[in-house]
Amino acid sequence: MAMPDKHVLIVEDEVPLREMLSFGLQRAGYRVTESGNCAAARALIADGRPDLLLLDWMLPDVSGLEFARALRRDEATRDLPIIMLTARATEDDKVSGLGSGVDDYITKPFSTRELLARIEALLRRTREHQEKLVAGAIEMDTVSHRVSMHGREVVLGPTEYRLLKYFMTHPERMLSRALLLERVWSSAYVEERTVDVHIRRLRRVLEEHACAHYVETVRGAGYRFSPKAAGNGP
Ligand code: CA
């Protein structure tokens with residue numbers, strides 16, 4: 001069973017192979033974008049993060065392995081699922097070695113059926129992993145929408161829930177009010193002050209559960225979610 005609506009980016013410079021892969025994946029219900037080198041792939045990822053990357057080892061600009069390592073170093077793509085396409089057993093040894101940052105690899109030649117099975121397995125693992133968010137003492141189940149702090153269940157309003165979810169998936173970075181409005185409210189017609197109102201509500205709940213220090217104000221700029229910040233336990 002394919003996972004429809006999932007977006008796969010294929011990075012492969014060999015055009016006939018790329019087209020064959022693209023055809024097979026689209027027929028299985030995936031949305032596919034293609035690129036022949038890492039520079040173009042990087043631009044495509046910046047435009048819209050794919051759900052999975054099919055990455056060839058031998059590419060004209062940067063090797064797939066180097067590219068995978070660079071993606072792992074970048075917080076925005078650290079968790080991007082990657083399957084590497086390798087040509088030889090010697091490459092497999094290197095890819096399977098520690099530190100390559102690749103989730104799985106498949107040796108050419110391979111059947112579309114085999115590749116689809118690998119893709120599905122990796123997407124399933126990723127989804128199970130992503131259902132539960134943890135940041136310090138806060139746990140969030142994104143399927144049941146249950147939130148707990150220090151093990152105690154917490155009830156949040158819908159906006160506070162979305163705000164906290166965005167914070168938990170974007171920790172340790174400065175988030176401007178404008179960005180939060182765009183990502184959490186998906187609207188340009190809401191005033192920036194609205195962000196502060198909901199931050200206050202969220203903070204009140206965090207305070208009640210000894211997590212007040214998680215949301216920091218960055219003066220003149222916005223907010224930062226920092227589960228690592230020093231604070232007192234419950
Ligand atoms: Ca190649």
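Two strands count as paired if DSSP finds at least two bridges between them, strands being DSSP runs of E with at least two residues and helices runs of H or I with at least four, numbered from the N terminus. In this predicted model, local features need pLDDT of at least 70 and side-chain atom pairs count only at pLDDT 80 or more, whereas totals for chains, interfaces and linings use all residues. Residues are numbered from 1 along each chain as its sequence is written, and side-chain values use heavy atoms, with hydrogens and water left out.

An open sheet is formed by 3 strands with antiparallel pairing, in the order β10-β12-β11. Its edge strands, each pairing on one side only, are β10 (174–176) and β11 (215–218). Between β10 and the antiparallel strand β12 (residues 222–225) there are 3 bridges, and Ser176 stands opposite Gly222 in β12.

## Helices on the sheet

Helix α6 packs on the sheet and touches β10, β11 and β12, contact meaning heavy atoms within 4.5 Å. The direction of α6 makes about 65° with that of β12, where axes are lines fitted to C-alpha atoms, for helices over the stretch in contact, and angles run from 0 to 180 degrees between N-to-C directions. Helix α8 lies across β11 and β12, running at about 145° to β11.

## Packing of α6 against α8

Helix α6 (residues 158–169) and helix α8 (residues 192–208) pack at about 85° with their axes 10 Å apart, and are therefore roughly perpendicular to each other (65 to 115 degrees). The contact is made by Thr159, Glu160, Leu163, Leu164 and Phe167 of α6 together with His198, Ile199, Arg201 and Leu202 of α8.

Note on methods
Angles under 35 degrees count as roughly parallel, over 145 as roughly antiparallel, 65 to 115 as roughly perpendicular and the rest as oblique.
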